[in-house]
Number of protein chains: 2
Amino acid sequence: MASMEAPPQAAAQDRDYKLMKEAVCEAYRAVDRGDGGPFGAVIVRDDAVLVSCHNLVRKNTDPSAHAEVTAIRQACRRLGKVDLSDCEIFASCEPCPMCIALIRASKIKKVVYGAKAEAAVAAGFDASIPEAFVEYYRKSGIEIRQVQGEAAQIADKVFEKPWEIPGEAMQRRRTGGGWLEKAKGMVIRCLWN
Amino acid sequence: MASMEAPPQAAAQDRDYKLMKEAVCEAYRAVDRGDGGPFGAVIVRDDAVLVSCHNLVRKNTDPSAHAEVTAIRQACRRLGKVDLSDCEIFASCEPCPMCIALIRASKIKKVVYGAKAEAAVAAGFDASIPEAFVEYYRKSGIEIRQVQGEAAQIADKVFEKPWEIPGEAMQRRRTGGGWLEKAKGMVIRCLWN
């Protein structure tokens, strides 16, 4: 019954969407918990989520604790090895030079990101990436690509900044594909379908 | 009695030597303790050593735990802030792209290194740095320079590899300017004058 199955491209987009949603949820979690900037990352192995992490710069007073870095550290601890060549990483935003360099060091070969770095820069984050860097890492054998469609839209929405307005109550915020329930000090719940 | 004082250039070289010696001692310590590769870094603030760290990749199963990264993390924790703009970093080897990117993120403006990255590459480490990267970070306002003279020599010697020969006893090893006492499992002592 091959005709009943989703075409391969649609299945890949669906996979991208589900994994990007996880990364985006982490990005909101970082802000809601006051842990750091709105960035999340998920490491996938054997087609399952191995770790799901967010930015901890503020919580840990650690400028290296970007979402991708915390995810790679946790994945390595969990697997007991520093070689993640059998893993992929999904990041809510295009990785910065530090993160791409660590991705290379950890031997991850596939990077899928949601928002472009420019979106983070426009929101006031120092996330610029010279094109020469991206090319260098591509030539190192790393596949770096942006998600498409709705997955990219929910990643972009992370940089809407109601969470930067002090004291403002944030109850429910419509995002691509569903609702995001938010309240200061509470763990968020992602309600996308 | 100005004639009795060391000329400014000699004083600067002496300072470089003392701080590079600290970083180099850390590099040996990394290997002797089995913590990671032979790389050390020292962060200086108000002309005093704030932290002195080494590579912990193996010990922590963490590919991000380069000497510069562990030093920056520890300095930030100690100062309770992620802005190290009033600090300098001395590294036993030219920082890799990940480390330079973190140095930029932490706002450190002065980087002094001992051995060229090529020396680490020749010793089998993945430490290549595209020239475009170094230029990019220089343009970001970071002063990156190599130490000269004896300080560079002791940094280069770190990549002599007797510590890679399994089971070989390493007692005393002559290095630039003095002796280095080494024994597996023991903390080394730097005996340079």
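A:R104 forms a salt bridge with B:D126, the closest N and O atoms lying 3.5 Å apart; a salt bridge is here a side-chain nitrogen of Lys or Arg within 4 Å of a carboxyl oxygen of Asp or Glu. The model is predicted, so that local features need pLDDT of at least 70 and side-chain atom pairs count only at pLDDT 80 or more, while totals for chains, interfaces and linings use all residues. Residues are numbered from 1 along each chain as its sequence is written, chains are lettered from A and ligands numbered from 1 in the order in which they are written, and side-chain values use heavy atoms, with hydrogens and water left out.

Across the interface of chain A and chain B, the rule finds 4 salt bridges. The interface brings 26 residues of chain A into contact with 26 residues of chain B, contact meaning heavy atoms within 4.5 Å. The area buried between the two chains is about 2000 Å², with carbon and sulfur atoms giving 72% of it; buried area is the accessible area (1.4 Å probe) that two parts lose on being put together, summed over both. On the chain A side, A:T61, A:P63 and A:F133 lose the most area to chain B, together accounting for 27% of what that side buries.

Over all chains, a search of the whole structure finds 28 salt bridges. In one of these, A:D16 pairs with A:R145, the closest N and O atoms being 2.9 Å apart. This pair links distant parts of the chain, 129 residues apart: A:D16 belongs to helix α1 (residues 8-32) of chain A and A:R145 to strand β5 (residues 143-146) of chain A. Helices (H or I, at least four residues) and strands (E, at least two) are DSSP runs, numbered from the N terminus.

Helix packing was examined within each chain. In chain A, the axes of helix α3 (residues 67-79) and helix α4 (residues 97-105) come within 9 Å and cross at roughly 25 degrees, which makes α3(A) roughly parallel to α4(A). Axes are lines fitted to C-alpha atoms, for helices over the stretch in contact, and angles run from 0 to 180 degrees between N-to-C directions; angles under 35 degrees count as roughly parallel. The crossing of α3(A) past α4(A) is left-handed, meaning that the near helix is turned anticlockwise from the far one by less than a right angle. A:E68, A:V69 and A:I72 of α3(A) meet A:M98, A:C99, A:L102 and A:I103 of α4(A). The residues of this contact comprise 6 nonpolar, no polar and 1 charged, where Ala, Val, Leu, Ile, Met, Phe, Trp, Tyr, Cys and Pro count as nonpolar, Asp, Glu, Lys and Arg as charged, and the others, Gly among them, as polar.

In chain B, helix α3 (residues 67-79) and helix α4 (residues 97-105) pack at an angle of about 25 degrees, their axes 9 Å apart. Their crossing is left-handed. A further pair in chain B consists of helix α1 (residues 8-32) and helix α7 (residues 149-157), whose axes come within 9 Å and cross at roughly 5 degrees; α1(B) and α7(B) are therefore roughly parallel to each other. Here B:Y17, B:M20, B:K21, B:V24 and B:Y28 of α1(B) contact B:E150, B:A151, B:I154, B:A155 and B:K157 of α7(B). By class, the contact of α1(B) with α7(B) has 7 nonpolar, no polar and 3 charged residues.

Notes
Angles under 35 degrees count as roughly parallel, over 145 as roughly antiparallel, 65 to 115 as roughly perpendicular and the rest as oblique.
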